[in-house]
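Subject: Structure handover

Hello,

The structure we discussed is below, with its sequence. Please look it over before reading my notes, which come after it.

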Amino acid sequence: MSCGPRRSGMLETVQPENQSEGTGSLQNQSSLISFNEALAFFQTKDLSEYMMKIKPSVPRSGFSALCHWLFGPPRLQHSLHEERNLVFAMGLYPFDNTEETHMRVLQTVYKRLTGTKLDCPRFGGHWEQIGFQGSDPATDLRGTGFLGLMQVLYFVMEPRTLSLARDIYKLSLHETQNFPFCVMSINITRIALQALREGNLSKECNRRQQIIAVINDFYVATFYHLYQIWKSQHKTIADSGYVIQDVTTYVNKNPRAVIRELERYLSEKRANAIGQMDSPRGGNAGKDSFVGVCDLEPEEEEVDLV
């Protein structure tokens, strides 16, 4: 069963059939879940099993360690280690069908992107519409754990960034520049995790005394940066590997710059929206384009888009 067409030039409101595939009866409508509510699930969960497996920094020794100490980014302040470790634990935490919070996060992402108000079946081809690779989104999360869903949840539930998320999603449905939106999002999460692990976000985290807020901003900023390249340079899926590689290099060297780029865009968009409220004429942002497809291994591994 499919909740709607896989690709389209327009963003459509999709109303899925009110029955499930192999999962029993489907509830008509579950409530949306905020990022903070989903985060509270992990903040109160016993994550000791995953904390023992995290790799929060890159091990270095000898000359490499000396160069990093002399010329590398500043060390993350010790007071932020607990929050940093929580991020990496979420990056290892698998999707659990028995957890109501997990199901609500998945449903919320689908609803916010497609505009439907009804729940979708847990399994089915409809997940490909928002850019998962098959009938079970959990299989795409094995490279970033539940953090891969948490960051796209933030993207679609944060009022400042929702319109950008929908612009990128609309681009993912483009006839020639299409790409799997959620798989690309998982790639961006992988980039953000590695930037945190390498210490490239430490300066910004120390300045703001936050980890989760910084890595979420970096995720959105990286997605926006990639989106701008894809849109302006008319990239297609054949270019995806090179684009992701170039974006990864740039954002790791310039994390603060890409966050500022995002801040400028959001400020300008808000100013334009306010101006349009006083104008007899409205306007919509231009159309977009992009790509993805992944084969994720462990959370550190890169995802190939083909």
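The notes below go from the whole chain to two residues. Please keep in mind that this is a predicted model.

Whole chain

Of its 306 residues, 49% are buried. The accessible surface amounts to about 14,600 Å², and carbon and sulfur atoms contribute 50% of that area.

Tyrosine 169

Tyrosine 169 sits in helix H7, which covers residues 162-172. Its relative accessibility is 0%, and because buried means under 20%, tyrosine 169 counts as buried. A polar atom of the tyrosine 169 side chain is 3.2 Å from the backbone oxygen of glutamine 129. In the sequence, tyrosine 169 and glycine 131 are separated by 38 residues; in space, their C-alpha atoms are 8.8 Å apart.

Serine 202

Serine 202 belongs to helix H9, which runs over residues 202-208. Serine 202 has a relative accessibility of 6%, so this residue is also classed as buried. Which residues does serine 202 contact, leaving aside its neighbours within four places in sequence? They are Pro74, Arg75 and Leu76.

Regards

Terms used:
Residues numbered from 1 in each chain as written. Predicted model: local features only at pLDDT ≥ 70, side-chain atom pairs only at ≥ 80, totals over all residues. Heavy atoms only, no water. Buried < 20%, exposed > 50% of the residue type's maximum accessible area, 1.4 Å probe, protein only. Areas by Shrake-Rupley, 256 points an atom, 1.4 Å probe, with all protein chains shown as cover. Helix = DSSP H or I, 4+ residues; strand = E, 2+ residues; numbered from the N terminus. Polar contact = N/O pair within 3.5 Å; in protein donor to acceptor, adjacent residues only side chain to side chain. Contact = heavy atoms within 4.5 Å.
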